[in-house]
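This briefing concerns one protein structure, shown directly below. Please keep it in view while reading the points that follow.

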Amino acid sequence: VTVQIYDHASEALFDKIFDRLREIEEKMTINKEDSEVLKVNKNAGIDFVKVSEDTFHVIQKGKIFSELSRGRFDISIGPLVKLWNIGTEEARVPSQEEIDQKKQLIDYRDVLLNESEKSVMLKRKGMILDLGGIAKGFAADEIVKIFKENHVERGLINVGGNVFAYGSRPDGADWKIGIRNPFSSEQDYIGIVSVSDKTVVTSGVYERYFEEGGKRYHHILDPETGYPVENNLVSVTIVGERSIDADALSTAVFSLGLEEGMKFIQETENTEAIWITKDNQVYVSPGLFQHFELTHPQFTLVK
């Protein structure tokens, strides 16, 4: 996480921001024994678990985007995430039998919410909530809230790749955010998007993956097949107003593929996208066209 503030910022303000991030992490991670999400997972098929306002909000949002994307993004994807373990040293290709078994546990409609009690229950034993595709976005939005409360006028937030360009640059111009080259190192970018008061979130096959038998397995899993999503895309970048929305949408739109993803973005208000395909083609949604500049000679902008 990096937070840059281009005003007079006190040490206390940065402390406030990072304390808030730690608080979110402790509630929503599935890697700490006493997190709220882990308690929900442990009580799958047994009972409702009371959670904080924060966790309830993120799960509720996760359900909305699961519904909107017709399950292409699904917050109950946890059993498959744990099975593949992509991004850890235990990553491996599971057997078809294992995949078929875990697939049956994935259905966002079986994440039950009690609004008045702020409690959550997973309908069936073995189900696992995983907020990895949406919680970083929530965290970025919470930093924006702290900026506003403390009269910060301009800043750049980067929560694990979820970028929020807050206000404008010190010279009054838009922030220039590089869109990473999915085939190269982190410092290499294919183009620049100019934005202010917008979030820029990318999902791509290069983020977390492992290779086995000459094949690359990336971390964006398809709830229907149980395998990493296979289509012609290598990355999708969402540009929007709220990072929590853009975080969920980057996964959903990637999973939908180019044509369906384009249709989906057209129907989604205040949201634009950039798609990069395996054959170095770059597609940009109409509302973003004049704010995007292709800078890499190996890529072609498709109009």
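The model is predicted: local features need pLDDT of at least 70, side-chain atom pairs count only at pLDDT 80 or more, and totals for chains, interfaces and linings use all residues. Residues are numbered from 1 along each chain as its sequence is written, and side-chain values use heavy atoms, with hydrogens and water left out.

**Helix pair**
- Helix 7 (residues 243-256) and helix 8 (residues 258-266) have axes that come within 6 Å and cross at roughly 135°.
- Helix 7 is therefore oblique to helix 8.
- Helix 7 contributes Leu249, Val253 and Leu256 to the contact (heavy atoms within 4.5 Å), and helix 8 contributes Leu258, Glu260, Gly261, Phe264 and Ile265.

**Nonpolar cores**
- The largest nonpolar core has 80 residues, of which Ile17, Leu129, Leu131, Phe147, Ile177 and Val193 touch the most other members.
- A nonpolar core is a set of buried (under 20% relative accessible area) Ala, Val, Leu, Ile, Met, Phe, Trp, Tyr and Cys residues joined through side-chain atoms within 4.5 Å.
- Another core, of 11 residues, lies apart from it and includes Leu80, Leu83, Ile99 and Tyr217.
- Beyond its neighbours within four places in sequence, Phe147 is in contact with Val3, Ile5, Ile17, Val152, Gly155, Ile157 and Tyr166.

**Phe289**
- Phe289 is located in the loop between strand 14 (281-284) and strand 15 (292-294).
- With a relative accessible area of 29%, Phe289 is partly exposed, a class lying between buried and exposed (over 50%).
- Not counting residues up to four places away in sequence, Phe289 touches Val284, Leu301, Val302 and Lys303.
- The C-alpha atoms of Phe289 and Ile274 are separated by 9.4 Å, the two residues being 15 residues apart along the chain.

Technical notes. Axes fitted to C-alpha atoms, helices over the stretch in contact; angles between N-to-C directions. Helix = DSSP H or I, 4+ residues; strand = E, 2+ residues; numbered from the N terminus. Parallel < 35°, antiparallel > 145°, perpendicular 65-115°, else oblique. Buried < 20%, exposed > 50% of the residue type's maximum accessible area, 1.4 Å probe, protein only.
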